[in-house]
Amino acid sequence: MTYPRNGGIDYEVYCSAVVAKSIRDVHQRAVQEGRGEAMVAAFRDVVEHLRRRAARLGEPLYRLPALRIEVRHALFRPIAVQFGVCEDRPLVFIKSVTLLSLPGL
């Protein structure tokens, strides 16, 4: 289910402590590769898009019917994000953030 944006409800975005640590690790690797600022900017964009239109962002991967969650993924260079969107309430759970390889590698 999607929630209306105009005067509607924004999604709440969450991640576990394990995922938060993984995001910090991805950032550290991006810094080592000279892509730290790009990674932070992309992650901020991801979170903003998730807040506003999570159910339409990226591509669907699969559903968790018992939890009523659709798992999706999206690319925001230089990162890829997997997230779950609750079908009953405006909730998003970030599942993973991955640093994409450098072009040409």
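The legends below describe several views of one predicted protein model.

Residues are numbered from 1 along each chain as its sequence is written. Local features need pLDDT of at least 70 in this predicted model and side-chain atom pairs count only at pLDDT 80 or more, while totals for chains, interfaces and linings use all residues, and side-chain values use heavy atoms, with hydrogens and water left out.

**View 1. The whole protein chain and its order of elements.**
The protein chain holds two helices and five strands, which follow one another from the N terminus as β-α-α-β-β-β-β; helices (H or I, at least four residues) and strands (E, at least two) are DSSP runs numbered from the N terminus. The C-alpha trace spans about 40 × 30 × 25 Å along its principal axes. Of the 105 residues, 37% are buried, where buried means under 20% relative accessible area, exposed over 50% and partly exposed in between, with a 1.4 Å probe and protein chains only.

**View 2. The pairing of helices α1 and α2.**
Helix α1 (residues 17-32) and helix α2 (residues 36-53) have axes that come within 7 Å and cross at roughly 145°; these axes are lines fitted to C-alpha atoms over the stretch in contact, with angles running from 0 to 180 degrees between N-to-C directions. On the α1 side, I23, V26, H27, A30 and V31 meet G36, M39, V40 and F43 of α2, contact being heavy atoms within 4.5 Å.

**View 3. The two cysteines C15 and C86.**
A disulfide is a pair of cysteine sulfur atoms within 2.5 Å, and by this rule the count is zero. C15 is in no disulfide, and the nearest cysteine sulfur, that of C86, is 17 Å away, which is too far for a bond. C15 is partly exposed, with a relative accessible area of 39%, whereas C86 is buried, with a value of 7%.

**View 4. The loop between β3 and β4, with P78.**
P78 lies in the loop that joins β3 (69-76) and β4 (79-86). The peptide bond leading from R77 to P78 is cis, and its omega is near 10°.

**View 5. The loop between β2 and β3, with R68.**
R68 is found in the loop between β2 (59-64) and β3. Its phi is near 55°, a positive value in a residue other than glycine. With a relative accessibility of 37%, R68 counts as partly exposed.
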